[in-house]
Amino acid sequence: MRSLRWLVLGVLLAGCEQELTVPGHCPEFCPSGQPKVFEIVLPAAASSDSSFFGYLGYSEVPALLVSDGLPAGEARSWYRFFSVPDSILVRDTLRPYTVDSIAVILTLIARDSTKKGLVFDLYRIPVTTDTTTSFEALNGELTPTSWIDSMPVPDSVQRGSVRRVFTGASLDRFVIPASDSGKHALGIRVRGPGPTGARISSLASSTGTASFVTYARVAVADTTLQKHTLSQTPEAAGFVRTSNGGQDPDLLYVGDLPAGRTILRFELPAVVRDSGTLLRVTLELQPARPMTGLANDAASLEVRGVDKDLGAKSTPLFARGGGVDLPEGSSATVSVDVIGIVDLWTLPQPPASMLYVGLRPEGGSFHRPVFHSTRSGSGAPQLRITYLVPAPLEKP
């Protein structure tokens with residue numbers, strides 16, 4: 001599409017030939033000069049840019065976050081597993097069993113690959129932990145007395161399963177109180193030789209979620225029926241993190257949890273809409289604070305068009321969009337190519353002249369971008385538009 005635009009521009013700039021090789025036909029009009037290329041900076045419509053929250057819940061997040069000392073904030077994760085049965089069915093009879101060993105399996109989705117010595121710490125937490133539990137409440141449960149053990153992550157493992165098997169005296173740490181109805185709830189912290197973080201699997205992760213596996217033995221004469229494996233997946237999971245400083249109505253937010261998205265509105269000038277040919281359109285957003293995240297784990301800003309302006313309920317146009325990776329720690333202007341979206345605004349029956357801005361992965365990223373708005377005093381969102389106006393026509 002872009003190469004075609006520049007080809008058209010080259011043809012137009014080449015001028016007009018009044019003599020034709022086809023006899024019997026002569027153009028009635030011909031450009032009297034050269035087409036002109038202009039660039040304008042179009043600010044978002046004043047006070048019409050807004051952020052909305054609640055697009056994604058804990059059951060839909062693609063990853064859980066754990067961190068230690070990151071500028072992006074502290075995060076802790078938790079899992080609550082389905083009940084472990086207190087007996088096993090063997091030849092139509094429920095029989096008690098003894099535990100030989102227990103395995104806890106976590107799935108690593110991403111980590112800072114430059115940091116070595118990553119370790120997950122497991123803690124027993126109340127089975128009443130849920131998505132209403134605050135960071136302060138969960139963090140307060142992760143104490144030396146509730147610590148179960150650690151799970152070292154091999155430096156060679158960038159993603160995939162991390163497994164720790166517990167035997168002998170360590171099994172005492174997994175004894176379930178009668179009041180917990182056979183359920184285990186685990187709190188997860190991470191640590192390393194310096195500030196670090198990781199993303200681990202959630203209930204909605206495409207890589208699968210965590211597992212709690214009990215290797216049991218039943219006292220029966222038939223040795224082929226003695227060993228059994230009981231595998232529990234989480235019935236609930238989530239993460240908590242330190243505050244992002246609250247929501248300032250004069251700033252724009254994307255990401256975080258509950259997930260936020262931003263809507264920007266623009267008024268395209270008539271000269272661009274009616275007679276101009278778009279050559280380049282870039283959305284420019286000015287961060288209100290550094291773009292902190294997890295190093296070597298990029299998040300992307302995603303921009304979509306909108307069919308109809310329904311505020312927070314506007315439906316994105318997924319066929320047209322743009323995006324850009326967000327560098328960790330940067331405060332530089334974020335620029336996104338959106339010519340494919342703005343092109344639609346020049347149609348005879350255009351969609352809403354709006355942009356929908358979100359984050360990918362949504363709800364499961366350390367990045368929490370915050371941008372200036374039209375109410376910030378400076379650094380408002382803007383479109384930088386380069387367009388072509390054809391030369392005026394006259395009779396040859």
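How do the residues of the lining of the largest pocket divide into nonpolar, polar and charged? Keep that in mind while we set up.

This is a predicted model, with local features needing pLDDT of at least 70 and side-chain atom pairs counted only at pLDDT 80 or more, while totals for chains, interfaces and linings use all residues. Residues are numbered from 1 along each chain as its sequence is written, and side-chain values use heavy atoms, with hydrogens and water left out.

**Stop 1: the largest pocket**

Select Arg241, Thr242, Asp256, Leu257 and Arg368: of the 23 lining residues, these lie nearest the centre of the largest pocket. A pocket here is an open set of points on a 1 Å grid over the protein atoms alone, with protein on both sides within 12 Å along at least five of seven lines; lining residues have an atom within 4 Å of a point. The space in it comes to about 440 Å³, where a volume is the space filled by probe spheres set on the points, and points are joined across faces, edges and corners.

Now colour α2 (135-141) and β16 (234-241), the elements that give two or more residues to this lining. Strand β16 has the largest share, with three residues. Helices (H or I, at least four residues) and strands (E, at least two) are DSSP runs, numbered from the N terminus.

And the opening question? The lining splits into ten nonpolar, nine polar and four charged residues. For that count, Ala, Val, Leu, Ile, Met, Phe, Trp, Tyr, Cys and Pro are nonpolar, Asp, Glu, Lys and Arg are charged, and the others, Gly among them, are polar.

**Stop 2: the second largest pocket**

Next, pick Val84, Tyr97, Val99, Ile176 and Thr214, the closest to the centre among the 13 residues that line the second largest pocket. About 190 Å³ of space lies there. Both β8 and β14 (211-217) supply at least two lining residues. By class, this lining has ten nonpolar, two polar and one charged.

**Stop 3**

A nonpolar core is a set of buried Ala, Val, Leu, Ile, Met, Phe, Trp, Tyr and Cys residues joined through side-chain atoms within 4.5 Å; buried means under 20% relative accessible area, exposed over 50%, partly exposed in between (1.4 Å probe, protein chains only).

Zoom in on Ile188. Not counting residues up to four places away in sequence, Ile188 touches Val66, Arg76, Ser77, Tyr79, Leu106, Phe120, Asp121, Leu122 and Ile200, with contact meaning heavy atoms within 4.5 Å.

**Stop 3: strand β25**

Strand β19 (residues 277-285) runs antiparallel to β25, joined by seven bridges. Strand β2 (residues 36-43) pairs with β25 (residues 382-389) in the antiparallel sense too, over eight bridges; look for Leu42 and its bridge partner Leu383. Two strands pair if DSSP finds at least two bridges between them.

**Last stop: a loop**

Finish at Gly57, in the loop between β3 (50-53) and β4 (64-68). Gly57 is partly exposed, with a relative accessible area of 26%. Draw a C-alpha to C-alpha distance to Asp149: 30 Å in space, 92 residues apart in sequence.

Key: On a 1 Å grid over the protein atoms alone, a cavity is a set of points where a 1.4 Å probe fits but cannot get out, and a pocket is an open set with protein on both sides within 12 Å along at least five of seven lines; lining residues have an atom within 4 Å of a point.
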